[in-house]
Every structure is written in C-alpha cells, then in structure tokens.
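I opened this entry to keep track of what I looked up in one model. The notes follow the order in which I went through it.

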Amino acid sequence: MQFKKKVIVLLFLFLYTLILSAQDCKELLSAEAEKERVLIPGETMGQKLESLLFWSQAEREKRFSMMHAIFPSIVVPSGTQATNLLKGEEITPEWENSTTLKSYMAANHIAGLLVLQDNKIRLEEYADNFDQESLWTSFSMAKSVSSMLLGAALKDGYIESLEDSLQKYIPELKGYDYGKVTVRQLLTMTSGIAWNEDYEDPNADVAQMYQNPCENGESHILTYMKSLKSTHIPGTHWNYNTGETDLVGILIQKATGKSLAKYLSEKIWKPYRMENCAYWLADECSNLNIGGSGISASLRDYARLGSLMLTQTKPGKESIFSDAWLKNATSLVYETNDDGSGYGYLWWRFKNGSYAAVGIFGQMLYVNPQKNLVIAQLAAWPKASSKKLVQSRHNFIKAVERVVE
C-alpha cells in the first residue's frame, strides 16, 4: 500500500510539473488527441504505443503530429528568442528520372522538407495542414539525439568513461548480462545480446518491449531486457536494437539525475535557441523518457539540430560534447552494408563522409559536412521501412545535392 501511495504521489508531481512547463508551450492535451487515445487498441499505454507499427495510413498521418498529446510526454522548453534562419537562393531538386518535388512528396506521404546550406534555407515545403509551427514525431531520429546528450554527459562528467559497465550507472542491471556491457558497446549496438527488430513481426522484441505490465516502478524496457542473454562476445557483432537505445536514455537519466527532456532543454534547446518547444515521450511505469524514440519537434528545429552538429563537431572547436564522443560519433565505427556505409555512435554514416539520424516511416536528418548541408524530412511512409522507400529517400538526397554544388 505504501509503495502504491508513493507511485501515485510521484505520478502527480510528474504531471503537475509537465503542466506547469507546458504553460509557455503548445497546448498539450486536446479533445482530438483524447479521442485518438481511446481509439488506439491496448489496455495500457505501452500496449497502445506498440500498436503504432500496425496503424493504417490514415491513422499514421493523423497521429504522428499529436503523439506528444496522445502519450505521456515531458516538455522540452525552448528559449525566448529563436535562431533566425535566413532565406538563401531557392533550389529545385533534380532527379535523374521524371520525379518532381510534388510527386516525391505525394508518393512518400511527406509532411515537411527543409534544406539548409550555410545555415540558409534553400528549400522549405509542407503538406496541407502542416507548417513551421507543427510538431511531428521523430521515431529513431531520437536515438541520435540521445547520443548527443551522452556526449554532453561525458563532457559534464556525469558519465566518466565509455569503457564503464552499465551496472555502474544502472544498478538494476547487476547480475544480468546487460550489466557487463560497456557504454561504448551500447552506443554502437554491439552488446552481443540477442534482439529481433523486425517491424512487421508482432512477436519481435521491438513489438513486445512495452507490452507487459509495470513492475516495481521501473521502465518497461529495463524489466524486459534484464532477462535477455548474450549470443556473441560483446563488441564483436553489430545488431540494430531499439531497446539498447532506450537503455542509453536510462543511463543518461540515472547519471545526470535529470530527464532527457530537461537535459536536452538545458544543453541544446535553450542555449541554441530552438524556435518551438518540443516534447519527449515518457515511459508510463517510471516516467523516464524513452531514449530510442519519441521526440516531437518542428521541422525547422530538427534542421537546427543538424546545424548544431555541423558546428559542434568541427576539429579544434570548443564543443558541448566530450572529445571521446567526438572522436567516433559520426565516424564509420562499424561497416553494416556492402556499399561502405555503416554506424557510428547512434548515427548512420555514409561512404562520402555524410551522416544521418533516421527514423521509421520516413523521418530523416541528413548532414553533409563537405557541402555544409542539412536536409530534414518528416513523413508517414506506408510501411515502417523497405528497400524501395529507402532508395526513394536516397534519390531525393542526390536530387538536392545535384543542385547545391
């Protein structure tokens, strides 16, 4: 009974803080969002969240802009004045086939596209009922933001070393295989622990990780991943794993004593003058933010994150990130594809030196340092991912790069 009272008090304080924080931001709750919440299948919020992998096209297009209102979220307050994005010479992307910007957006269910070069807007397009004030969910783009916060936590001294084991910061993992995994191995998805990330399989780990009831007030993912076993020697095998990036989020929050949303606001959103408040989904059991997904932000602010990466990762520049993180964050740490592309610290790295934060259903933040170029895309693809959809996105990047030479 005493434990239940404690949980209720903590939940009340969490919601009260959220409401106070949201007063200067967008309205968090709405009748429309409440209606959608009721319509989503599942008894718990975790089950409702897992169902998004199987929503209809109409449901995706309607709900991706209100995820922060449908599900428990913590506000990321912005500063008082946004960084001004000047208009540059407008471009028209050039495909090698008959594709046009209009047909690309329609075929791929694009909500918004923004191209920055030299921190000037070269292209900005929105679908109907979406604009520069609108928020859109990020899915796995949030992984790369969590990586940025870990780089900051290393610089601030909250996390001492990439070689530390997780159990040093997450005591609940002591005695489990994940407790022996290092911070670096978690950042590179090389824990060696078995995981299935098949978005079309309802029995895959990624579709099951939030399904079970809450246990002892700890995050769904912590309860779920405790029992998972090693199948490879840690550090030797790469396997894409959303659960591990949720653990990255728990690691940062345990080490700093702050929510990811609060730390993101302190380190990036306020000092780098983002235009709109953002929101980050929180686990219903622990109220900790979900590190692997769930940031809702505006298109321009996603692009500003790319600009931040361009400036803060330049050699010799004083950075908010630690040198240990900067050394490999956007480098090719593990080659994951035959074309020479691969993975850094939760950033996808390409052969030409560019890198990207990528999320299912078409979300993307692409950064090309050689061209001082940032491309942000928000979408509601008809599938979580496919070779055809990924190739179409790749062709769009090439169509942009072709005209910004």
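The entries below cover the sheet, its hairpins, the aromatic residues and the disulfide.

I worked from a predicted model. I began with the strand order and found an open sheet of nine strands, running S2-S4-S3-S13-S12-S11-S10-S9-S8 with mixed pairing. Strand S2 (86-87) and strand S8 (334-335) are at the edges, each pairing on one side only. I then looked for a helix on this sheet. Helix H13 (residues 299-312) packs there and touches S3, S4, strand S11 (355-359), strand S12 (363-368) and strand S13 (373-379). The direction of H13 makes about 150 degrees with that of S13.

**S3 and its neighbours.** I took strand S3 (residues 110-117) next, with strand S4 (residues 120-126) on one side: the two are antiparallel and share six bridges. Among the facing residues I noted Gly 112 opposite Tyr 126 and Gln 117 with Lys 120 as its bridge partner. The S3-S4 hairpin has two residues between the strands, and Asp 118 has a positive phi near 55 degrees. S3 is also joined to S13, by seven bridges and again in the antiparallel sense. Leu 116 faces Val 374 of S13. I checked burial along S3 and found eight of its eight residues buried.

I repeated the burial check on S12, where six of six residues are buried. Which residues of S12 point one way, and which the other? Gln 363, Leu 365 and Val 367 point to one side, Met 364, Tyr 366 and Asn 368 to the other, and all are buried.

S11 and S12 run antiparallel with five bridges, and Tyr 355 stands opposite Val 367. Their hairpin has three residues between the strands, with Phe 361 in the turn at a positive phi of about 65 degrees. S12 and S13 are likewise antiparallel, joined by five bridges; Asn 368 has Leu 373 as its bridge partner. Four residues lie between the strands of the S12-S13 hairpin, where Asn 372 takes a positive phi near 50 degrees.

**Aromatic residues.** I searched the whole structure for aromatic pairs and got 21. One of them is Tyr 126 with Phe 130, a tilted pair at 6.0 Å centre to centre and 45 degrees between the planes. Tyr 126 is partly exposed at 22% relative accessibility, while Phe 130 is buried at 8%. Both belong to an aromatic cluster that also holds Trp 55, Phe 64, Trp 136, Phe 139 and Phe 361. Phe 361 is also the turn residue noted above for the S11-S12 hairpin.

**Disulfide.** How many disulfides does a search of the whole structure find? I found one. Cys 214 and Cys 285 form the disulfide, with sulfur atoms 2.1 Å apart. The link is left-handed, at -85 degrees about the S-S bond. Cys 214 lies in the loop between helix H9 (205-208) and helix H10 (220-225), and Cys 285 in the loop between strand S6 (278-281) and strand S7 (295-297), so the pair ties together parts 71 residues apart in sequence. I checked the accessibility of both: Cys 214 is partly exposed at 41%, and Cys 285 is buried at 11%.

Notes:
Residues numbered from 1 in each chain as written. Predicted model: local features only at pLDDT ≥ 70, side-chain atom pairs only at ≥ 80, totals over all residues. Heavy atoms only, no water. Disulfide = S-S within 2.5 Å. Buried < 20%, exposed > 50% of the residue type's maximum accessible area, 1.4 Å probe, protein only. Phe/Tyr/Trp six-rings, centres within 6.5 Å; stacked < 30°, edge-to-face > 60°. Pairing = 2+ DSSP bridges. Contact = heavy atoms within 4.5 Å. Axes fitted to C-alpha atoms, helices over the stretch in contact; angles between N-to-C directions.
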